[in-house]
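These are my notebook entries on a single structure.

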Amino acid sequence: MGISGISAISGYSGISGIYPAYSAMPVRGVRGADTVARGSDGTAQATVDGAKSADSRRVEKGECQTCKNRKYVDGSNEGDVSFKTPTHISPSNSAAAVMGHEQEHVANAVAEGNEAGKELVSATVTLKTSVCPECGRVYVSGGVTNTTIRKEMGNTNPYMKRQADLNYLMSAGANLDISA
């Protein structure tokens, strides 16, 4: 019999700990670019139907307000991990901070798996990435740790334990090969 636990960290809004604290832009269909030219900074600038690309909405150098106001919060029931209160993480540090947090969940699973009568079967960490709708920066928006712990279910019934002992004794020597 196994027990599975899921721990997660994700963006925070005032309503629930599941969604980031910014408004998402609607998804637009992909269209081919009419022309692609190099901008003054060396990046590609695409033009579609005479309009500038989505890069024109991007904030110039510095941190945009969406990235500045983004906060992370832990959604698990483990009290000894970080991000229990909403915390700001810089987009450039988000991968390291979220992975460090998820490793705290893995360490808790390893400790629980080392208890008597339990065995840690697996622990996997998945990081999720997103793109900031305001500045276009890719950042780690959250992570999930999945753990599976197996509990040993010993025979607590004395009659079943005695039956198992008898079955073991009765099978001894049943598969003897005397041809060798």
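Is Cys 135 buried or exposed, judged by its relative accessibility? I find that Cys 135 counts as buried, because its relative accessibility is 13% and the limit for burial is under 20%. I note here that the model is predicted.

I counted zero disulfides in the model. I looked up Cys 67 and found its sulfur 3.5 Å from that of Cys 64, the closest cysteine sulfur. That is too far for a bond, because a disulfide requires the two sulfur atoms to lie within 2.5 Å. Cys 135 is likewise in no disulfide, with the sulfur of Cys 64 as its nearest, 3.6 Å away. I recorded Cys 67 as buried, at a relative accessible area of 0%.

Entry on helix α2. I traced α2 over residues 94–113, which makes 20 residues. From first C-alpha to last I computed a reach of 28 Å, close to the 28 Å expected at 1.5 Å a residue. I listed its buried residues as Ser 94, Val 98, His 101, Glu 102, His 105, Val 106, Ala 109 and Gly 113. Viewed down the axis of α2, these buried residues fall within an arc of 145 degrees, so they line one face of the helix. An α-helix has 3.6 residues a turn, so residues three or four places apart point the same way.

Entry on the surface. I found a nonpolar patch formed by Leu 166, Tyr 168 and Leu 169, with about 360 Å² of accessible area together. I placed Leu 169 in helix α3, residues 158–171. Leu 169 is exposed, at a relative accessible area of 59%.

How values were computed: Residues are numbered from 1 along each chain as its sequence is written. This is a predicted model: local features need pLDDT of at least 70, side-chain atom pairs count only at pLDDT 80 or more; totals for chains, interfaces and linings use all residues. Side-chain values use heavy atoms; hydrogens and water are left out. Patches are made of residues with over 30% relative accessible area and no salt bridge: like charges are joined within 9 Å, nonpolar side chains (Val, Leu, Ile, Met, Phe, Trp, Tyr) within 5 Å. Accessible areas come from the Shrake-Rupley method with a 1.4 Å probe; for residues, only the protein chains shown count as cover. A salt bridge is a side-chain nitrogen of Lys or Arg within 4 Å of a carboxyl oxygen of Asp or Glu. Helices (H or I, at least four residues) and strands (E, at least two) are DSSP runs, numbered from the N terminus. Buried means under 20% relative accessible area, exposed over 50%, partly exposed in between (1.4 Å probe, protein chains only). The expected span of a helix is 1.5 Å times one less than its number of residues. The arc is that of the directions from the helix axis to the C-beta atoms.
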